[in-house]
Amino acid sequence: MISVAEAQNIILEHSTKGGTESIAFEICLNRMLAEGIYTDRDAPPFDRVAMDGIAIDSRQLLKQQSFFIEAIQAAGQEQKPLKNPENCIEVMTGAVLPYHTDCVIPYEKVTIQNGIAKLDSMAHKPFQNTHRKGIDAKKGDLLLPSGTWIQPGVKGILATTGNTQVKVVKLPKVMICSTGDELVPIESEPLPHQIRRSNVYMLQAALKELNVEAKTTHLPDDKAKLTSAIKQLLDEFDVLLFSGAVSKGKYDYLPVVFQELGLQIHIHGVKQKPGKPFLFGTKGTKCVFGFPGNPTSTLVCFHAYFKLWLNQYLGITLIPNYAYLTKDIVFKKPLTNHLLVKTSHDNGKTMANPIANSGSGDLVHLALANAFLSLPSEQDEFKKGELYPITYFHQNSF
Ligand SMILES: Nc1nc2c(c(=O)[nH]1)N[C@H]1C(S)=C(S)[C@@H](COP(=O)(O)OP(=O)(O)OC[C@H]3O[C@@H](n4cnc5c(N)ncnc54)[C@H](O)[C@@H]3O)O[C@H]1N2
Ligand code: MOO
Ligand SMILES: [Mg+2]
């Protein structure tokens, strides 16, 4: 059996970068940009008024305190000129700074009576309260390099630069498969020896949080039927995620079926708990992930291995997170212990509070955790206050 780190390296070795596609601006949120985005004009594109008030020629400040209001320059109007330097123009935030003016004085610092604006003080400077043309970026500047994750702010840039179509990294086509004759659809009333197939919906939800839409299917514990179904699925999908049928049972057919279908098995068994029988194989660019059937094993392996694969496929660099253990733990097996935790915060520190549970089949307590702490296999005792790597189950649960 190999270590968690070895297994993760193998996964990374077999994750190829996804191709690219052009998609509509409307649906590009949370995708990975596959082109550089350049400005088509200066930012801002004109000297922009930044406060509602009056605009004057600042050279007049030494000479006069009152200014006749010559015109109004509203946002969205073509630039107007100040005809007489002794006058002013009322200006609105977002308007073009009028020609022959260089200083905006907000209404709060002016008294207006009978069409004349009187300044409260003469302490004003050229280009105050203006947002100068090109100060943020010049026409042709690279604003977003390829490989930028499209977040709300990035969408704003795509919009302001007029990108109605966006080149992004393609998402993989993923199918989630449950296995096991004890499993029944969630809408049915299970017989005493049956359970509802919950794992696939956990995986589907976890994928959706990563912006990947995937369908689910169910395959029986029947070698011939599994073989023909998987053969077809491999033609259609880039990645197949399985839950169950990877351990030592008489009907755990996945390892042998994969071999017979010509898949290369790179991982079968990792020194970890839960998720020991985890399986990973490839055929060309197609990948199969066999998550052990117990619910916690399935979800932990999804995050420890599939997410790694997906991030590399999309070109995302994962930044490791760490959290402080809040309780002493003893674990004497030579396995990495993926400990279920619920995080909290204490003076800016992330605290990992272990969630008591009855093992990897305990879905009830899995749902109370928002992360797992990976306690290294070389140690037996883990003390309260020690820092360990943490993996979150949700995108935004820090
Ligand atoms: N002799 C051994 N037995 C087992 C070993 C072992 O090393 N030697 N490993 C144990 C470990 S650890 C795990 S984890 C499980 C993994 O088993 P499989 O991947 O073969 O999964 P199944 O046998 O099909 O099912 C296990 C368990 O999970 C439930 N399950 C499966 N799929 C779903 C689903 N979609 N929704 C809800 N629950 C699901 C299934 O009903 C079983 O209870 O093997 C141990 N055995
Ligand atoms: O490795 Mo299993 O996942 O402990 O239940
Ligand atoms: Mg089994």
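A salt bridge here is a side-chain nitrogen of Lys or Arg within 4 Å of a carboxyl oxygen of Asp or Glu. The model is predicted, with local features needing pLDDT of at least 70 and side-chain atom pairs counting only at pLDDT 80 or more, while totals for chains, interfaces and linings use all residues. Residues are numbered from 1 along each chain as its sequence is written, and side-chain values use heavy atoms, leaving out hydrogens and water.

**View 1. Lys-133 and Asp-42 join in a salt bridge.** Their closest N and O atoms are 2.9 Å apart. The pair links distant parts of the chain, 91 residues apart: Lys-133 sits in the loop between β10 (130-131) and β11 (142-144), and Asp-42 in the loop between β2 and β3 (48-49). Strands are DSSP runs (E, at least two residues), numbered from the N terminus. Lys-133 is partly exposed at 45% relative accessibility, whereas Asp-42 is buried at 17% (buried is under 20% relative accessible area, exposed over 50%, partly exposed in between; 1.4 Å probe, protein chains only).

**View 2. Glu-21 meets Arg-31 in a salt bridge.** Here the N to O distance is 2.7 Å. Glu-21 belongs to strand β1 (residues 20-24) and Arg-31 to the loop between β1 and β2 (37-38), so the contact ties together parts 10 residues apart in sequence. Glu-21 is partly exposed, at 29% relative accessibility, and Arg-31 is buried, at 9%.

**View 3. Arg-59 pairs with Asp-57 through a salt bridge.** The closest N and O atoms lie 2.8 Å apart. Arg-59 is exposed, with a relative accessible area of 60%, but Asp-57 is buried, at 6%.

Notes: Chains lettered and ligands numbered in written order. Helix = DSSP H or I, 4+ residues; strand = E, 2+ residues; numbered from the N terminus.
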